[in-house]
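Biologist: I'm new to reading structures like this one, and I'd like to go through it in plain words. Please put it up and tell me what I need to know before we start.

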Amino acid sequence: MSKIIIGRYIPGDSIIYKMDPRGKIIATFLFIVIIFLANNWLSYLFLSIFTLLAVWATKLKPKVFWDGVKPLIWLILFTSVLQLFFTTGGKIYWHWGILNISEYGIQNSIFIFIRFVMIILISTVLTLTTTSLEIADGMEWILKPLGYLKVPVAQIALVMSIALRFVPILLDQAVRIMNAQRARGADFNSGGLIKRIHSIIPILIPLFIGSLTIAIDLATAMEARGYREGAKRTRYRVLKWSKYDWINLGYFTLLTLILLLTRTY
Amino acid sequence: MSIKFKNVDYVYAPGTPFQTQGLSNISFEIKDGSFVAIAGHTGSGKSTLMQHFDGLLLPSKGSITIANQTITVDTPNKVLKEIRKKVGLVFQFPENQLFEETVLKDVMFGPLNFGFSEEKAKEQAMRWIEKVGLPEETMSKSPFELSGGQMRRVAIAGVMAYEPDILCLDEPAAGLDPEGQKQMFDIFKNYQQLGHTVVLISHNMEDISKYADDMLVLEQGQMIKHASPKEVFSDADWVKKHYLDEPAPSKLARSLQKVGFHFSSMPLTVESLVEEISKELRAKGGN
């Protein structure tokens, strides 16, 4: 389980760490939108340069990012290969039945490949450099306007921070329960599909019971410390917009402008 | 069937940014049929070490010989299962591992996994449910209807029901009432006297001095002492320096020493303390 890099935070001290999570989240989402502005070699070149600069600015080892891309590599290759064989147009180099390799096909499959990798890299930059609590705080701020539509934003934010807080605890507990059952002879890695599904029961039931117990205890503890639903609460963790966030925003605007200028219509 | 560690290293999450050294260069040998205590500060590697005993963790370097099998980095799963049958492991708060509909079924889970017949598994389960001090009617109850202490007993019975040659316990009495603690330890001591090896992780120095006859002290993933509790606790300064505590009877004995009592050997348990004091008083009374 230690191999999964998505959603993990690695402590560090580069400029990206100093940015406000709100700015980072918004930039990441918008990045996924503006990536579709790119439609020729030049724009893709700029896109790649800007992304790689952002990756470089984290000052983290490149291997960490490779770990982020690796689990999705088959999906990326599959999509690229489909593009390669099923796109027509331009010069045709090879043809067999409905399959063909054309000039546009090659170009499109490379574009799709770059697009995928860039999206993964940028979202990995966000998750690696931002703690899950920061992300929850940032999301709460972003969701605030929904409060006017009677969406209980504060409660959603609380649920999010509690959920994020308990991910590592439940993961630990799952590993511990698994080990305890393995010590009692349970085997999770052999047998057919049905047998394997059966072998999950000794992990799932204790895990469910454990999470319910935690939930009840936590609710009692929160009430004991004065938490009331719907009561007005103050904030302890305050997000602060700094000069680094203007850099982030400027960098992003610059990329958008370049993509608009280099785009062919 | 002795346990032998040879230059064992363990590294968590090797090759990732989260790499940490769990154990480094651990070597020792434990005699058959002994009651071994593992002590050390929180985070010193006690639990990591214990998970090596039945192959839940495999050493990154070095080898372990246990139950006539050798564990190295690339021991296959099949061998590990053999080992797990002979080494029972009771984790901290083992009540978290209960899952079956009835207590009886839960205790039978281990024996059935290790190839006992249905009949034999049931017999063993019933025997151990009784031995850990649970009334007979709990057998058909759901484990989740029981109190925390009773759940703990069910979980311990679940490991002892397949009667492993080596029983490893990680703070088995944590959170039990004093009476329950004593009861559980009597069961473990009794089990050892039947010829099994018992390994105990504990922060409680009184328990260690009372029950153990051999002791390993860990610090930051390294073994800093392997001796009998008597030897370990004989050097009060060393004990203090390594964040351990002396058993309460020795502490009292040391204060008595300051006011003129003489002890031929440092008493570790209440019984030996009482004996030493009465010996001393008798000697004084004779004068």
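Modeller: Let's begin with contact, which means heavy atoms within 4.5 Å. This is a predicted model, where local features need pLDDT of at least 70, side-chain atom pairs count only at pLDDT 80 or more, and totals for chains, interfaces and linings use all residues. Residues are numbered from 1 along each chain as its sequence is written, chains are lettered from A and ligands numbered from 1 in the order in which they are written, and side-chain values use heavy atoms, with hydrogens and water left out.

Biologist: Which residues does His196(B) touch, not counting those up to four places away in sequence?

Modeller: His196(B) sits in the loop between helix 6 (178-193) and strand 8 (197-201) of chain B. Those elements are DSSP runs numbered from the N terminus: helices are H or I with at least four residues, strands are E with at least two. Skipping residues up to four places away, His196(B) touches Gly33(B), Ser34(B), Pro164(B), Asp165(B) and Tyr191(B).

Biologist: And is His196(B) buried or exposed, and with what relative accessible area?

Modeller: Buried means under 20% relative accessible area, exposed means over 50%, and partly exposed is in between (1.4 Å probe, protein chains only). His196(B) counts as buried because its relative accessible area is 14%.

Biologist: Which residue has the backbone oxygen that the side chain of His196(B) reaches?

Modeller: We want a polar contact here: a pair of N or O atoms within 3.5 Å, where within protein one must be able to donate a hydrogen and the other to accept it, and residues adjacent in sequence count only if both atoms are side-chain atoms. At 3.0 Å, the His196(B) side chain reaches the backbone oxygen of Tyr191(B).

Biologist: Let's look at Ile26(B). How far apart in space are Ile26(B) and Asp214(B), C-alpha to C-alpha?

Modeller: Ile26(B) belongs to strand 2 (residues 20-30) of chain B, and Ile26(B) is buried, since its relative accessible area is 0%. Beyond its neighbours within four places in sequence, Ile26(B) contacts several residues, including Phe5(B), Leu49(B) and Met223(B). As for Asp214(B), it is 188 residues from Ile26(B) in sequence, and the C-alpha to C-alpha distance is 16 Å.

Biologist: Now the two chains. How much area is buried between chain A and chain B?

Modeller: In this interface, 24 residues of chain A are in contact with 25 residues of chain B. Arg182(A), Ala183(A) and Arg184(A) supply 33% of what chain A buries there, more than any other three residues. Buried area is the accessible area (1.4 Å probe) that two parts lose on being put together, summed over both. Carbon and sulfur atoms give 59% of the total, which is about 2,100 Å².

Biologist: Which helix of chain A gives the most to the side that touches chain B?

Modeller: Six residue pairs are in polar contact across this interface, both at pLDDT 80 or more. On the chain A side, helix 3 (62-69), helix 7 (153-183) and helix 9 (201-224) each supply at least two residues. With eight residues, the one that gives the most is helix 7.

Biologist: Which residue forms a salt bridge with Asp106(B)?

Modeller: A salt bridge is a side-chain nitrogen of Lys or Arg within 4 Å of a carboxyl oxygen of Asp or Glu. The rule finds one across the interface of chain A and chain B. Asp106(B) lies in helix 3 (residues 103-113) of chain B and its partner in the loop between helix 7 and helix 8 (193-198) of chain A, so the pair joins two chains. The closest N and O atoms are 3.2 Å apart, and the partner is Arg184(A).
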